[in-house]
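Please read it alongside the sequence and the 3D view.

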Amino acid sequence: MRLFFQWLGWLGFLAGLGLVAAYFVLTARGLSASFNFGDPAKFEFILVPFWQIGLAALVLGLVVFWIGRRFAR
């Protein structure tokens, strides 16, 4: 179980790091880097930038990795 949490933590950390890096690359090229969580058919646009989602995944990955390390002992 410990190894599962460590792998899951690394996966979340790397996904978050990739999203944060993608945000900076896309904004440097002048593109909008965000997810739309709204419904375009109803003209609802809830845009969340990549860096916010990436930061959440990065922190969650670190917490899961820490849990895997903490309960190993």
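## Surface patch

Met1, Phe4, Leu8 and Leu11 form a nonpolar surface patch with about 470 Å² of accessible area together. Patches consist of residues with over 30% relative accessible area and no salt bridge, where like charges are joined within 9 Å and nonpolar side chains (Val, Leu, Ile, Met, Phe, Trp, Tyr) within 5 Å. A salt bridge is a side-chain nitrogen of Lys or Arg within 4 Å of a carboxyl oxygen of Asp or Glu. Accessible areas come from the Shrake-Rupley method with a 1.4 Å probe, and for residues only the protein chains shown count as cover.

Phenylalanine 4 lies in helix 1 (residues 2-28). Phenylalanine 4 is partly exposed, at a relative accessible area of 49%; buried means under 20%, exposed over 50%, and partly exposed in between (1.4 Å probe, protein chains only).

## Basis of the model

The model is predicted: local features need pLDDT of at least 70, side-chain atom pairs count only at pLDDT 80 or more, and totals for chains, interfaces and linings use all residues. Residues are numbered from 1 along each chain as its sequence is written, and side-chain values use heavy atoms, with hydrogens and water left out.

## Overall fold

The protein chain has 2 helices and 2 strands, in the sequence pattern α-β-β-α. Helices (H or I, at least four residues) and strands (E, at least two) are DSSP runs, numbered from the N terminus.

The radius of gyration of the protein chain is 16 Å, whereas a compact globule of 73 residues would have one near 11 Å. This radius is taken over C-alpha atoms, and the globule rule is 2.2 Å times the number of residues to the power 0.38. The C-alpha trace spans about 50 × 30 × 15 Å along its principal axes. Buried residues make up 19% of the 73 residues.

## Aromatic pairs

The whole structure holds 6 aromatic pairs. Rings of Phe, Tyr and Trp (its six-membered ring) pair if their centres lie within 6.5 Å; planes under 30 degrees apart count as stacked, over 60 as edge-to-face and the rest as tilted. Tryptophan 10 and phenylalanine 65 pair edge-to-face, at 5.5 Å centre to centre and 65° between the planes. Tryptophan 10 is in helix 1 and phenylalanine 65 in helix 2 (residues 50-70), so this pair ties together parts 55 residues apart in sequence.

Phenylalanine 35 and phenylalanine 50 form a tilted pair, with 4.8 Å between centres and 45° between planes. Phenylalanine 35 is partly exposed, at 34%, whereas phenylalanine 50 is buried, at 14%.
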